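Good morning, and thank you for joining this presentation. Please look at the sequence and the model on the screen before I take you through them.

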Amino acid sequence: MVTARYDFDYMSGYLQKPEVAMSHLRTGFLKGFVKQGRLLDVGYGTGAFLHTASTAGFEAYGCDVHGVDRGIQEKPLVSEDEWDAVTFFDSLEHFPDLDVIRQLSRRARLILVSLPKTPRSFPECKKWRHYKPGEHLHYFTQESLTRLFHPKECRAVSDVEDVVRGRLDGEQNIMTAVFS
């Protein structure tokens, strides 16, 4: 899988987050839309979400760049597999080739994405803590995500992850969107 490069600070910060709470939060949110089935988590990182989702009844698979065996059943990003749900938690903004993501989305009943919520105007981006040129290759709004996953419809937009991560200057920090 081709994606942006991650630096040590990025990964060490990710590993220090409350993984168990986030995994349960994400699984509960997903189960509000699909109760069980085949799940592909793209960019699974530590694998904590996939482990939680599998104990909650999903047939869980992952696709990631790190190549470390975390006990995850790996699936390639490009395949003919069909999915009940595909999730992107803190990963979509790292992919250089969004056409591959569009192709994958056509083989999924539901797409769940969580990523940094882009500020209202570009000048604000340069002060924004998620502005990371070379690492974050794309910055999305609800409108641009909807165009990416067309013809799927945007069913929900939430700031559910801010419960664990916290808001940013009182504003929504992470946007979670569901498409089907």
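Let me begin with a term: a residue is called buried when its relative accessible area is under 20%, exposed when the value is over 50%, and partly exposed in between. The model before you is a predicted one.

With that cut-off in hand, consider T52. Is T52 buried or exposed? Its relative accessibility is 12%, which falls under 20%, and T52 therefore counts as buried. T52 sits in helix 3, which runs over residues 48-55. If we set aside its neighbours within four places in sequence, the contacts of T52 are S23, H24 and T27.

I shall return to those contacts after an outline of the protein as a whole. The secondary structure amounts to seven helices and six strands. Their order along the sequence is α-α-β-α-β-β-α-β-α-α-β-α-β. The protein has 180 residues, and 49% of them are buried. Of the contacts with a separation of 6 or more, 63% are between residues 24 or more positions apart.

Let us now turn to helix 2, residues 19-31. Does the length of this helix agree with its residue count, or disagree? The expected span is 1.5 Å times one less than the number of residues. For the 13 residues of helix 2 this gives 18 Å, and the end C-alpha atoms are 18 Å apart, so the two agree.

Which residues of helix 2 are buried? They are E19, M22, S23, R26, T27, F29 and L30. Viewed down the helix axis, these buried residues fall within an arc of 160°, and they therefore line one face of helix 2.

Helix 3 has a buried set of its own: A48, F49, L50, T52 and A53. What covers these residues? The cover includes helix 2, strand 1 (37-42), strand 2 (58-63) and strand 3. Just after helix 3 comes G57, which takes a positive phi of about 110°.

A second residue with a positive phi is D90, at about 55°, although D90 is not a glycine. D90 belongs to the loop between strand 3 (83-89) and helix 4 (98-105). Its relative accessible area is 10%, so D90 is buried.

I come now to the aromatic residues. How many aromatic pairs does the structure hold? There are five. One of them is formed by F88 and F149, with ring centres 6.5 Å apart and 35° between the planes, a tilted arrangement. This pair links distant parts of the chain, since F88 is in strand 3 and F149 is in the loop between helix 6 and strand 5, 61 residues apart. F88 has a relative accessibility of 0% and so counts as buried; F149, with a relative accessible area of 1%, is buried as well.

F149 also pairs with F179: their ring centres are 5.0 Å apart and their planes lie at 50°, so this pair too is tilted. Here again distant parts of the chain are linked, with F179 in strand 6 (residues 174-179), 30 residues from F149. Both F149 and F179 are buried. Together, F88, F149 and F179 form one aromatic cluster.

The loop that holds F149 also holds P151, between helix 6 (142-148) and strand 5 (154-158). A cis peptide bond joins H150 to P151, with omega at about 15°.

Two further aromatic rings have a charged side chain over the face. R38 lies over W83, at 4.3 Å from the ring centre. K75 lies over Y61, at 5.0 Å from the ring centre.

Finally, the cysteines. How many disulfides does the structure hold? It holds zero. C63 counts as buried because its relative accessibility is 4%. C154, by contrast, has a relative accessibility of 26% and so counts as partly exposed.

Thank you for your attention.

How values were computed. Residues are numbered from 1 along each chain as its sequence is written. This is a predicted model: local features need pLDDT of at least 70, side-chain atom pairs count only at pLDDT 80 or more; totals for chains, interfaces and linings use all residues. Side-chain values use heavy atoms; hydrogens and water are left out. Helices (H or I, at least four residues) and strands (E, at least two) are DSSP runs, numbered from the N terminus. Buried means under 20% relative accessible area, exposed over 50%, partly exposed in between (1.4 Å probe, protein chains only). The arc is that of the directions from the helix axis to the C-beta atoms. A disulfide is a pair of cysteine sulfur atoms within 2.5 Å. Contact means heavy atoms within 4.5 Å. Rings of Phe, Tyr and Trp (its six-membered ring) pair if their centres lie within 6.5 Å; planes under 30 degrees apart count as stacked, over 60 as edge-to-face and the rest as tilted. A charge sits over a ring if NZ of Lys or CZ of Arg is within 6 Å of the ring centre and within 35 degrees of the ring normal.
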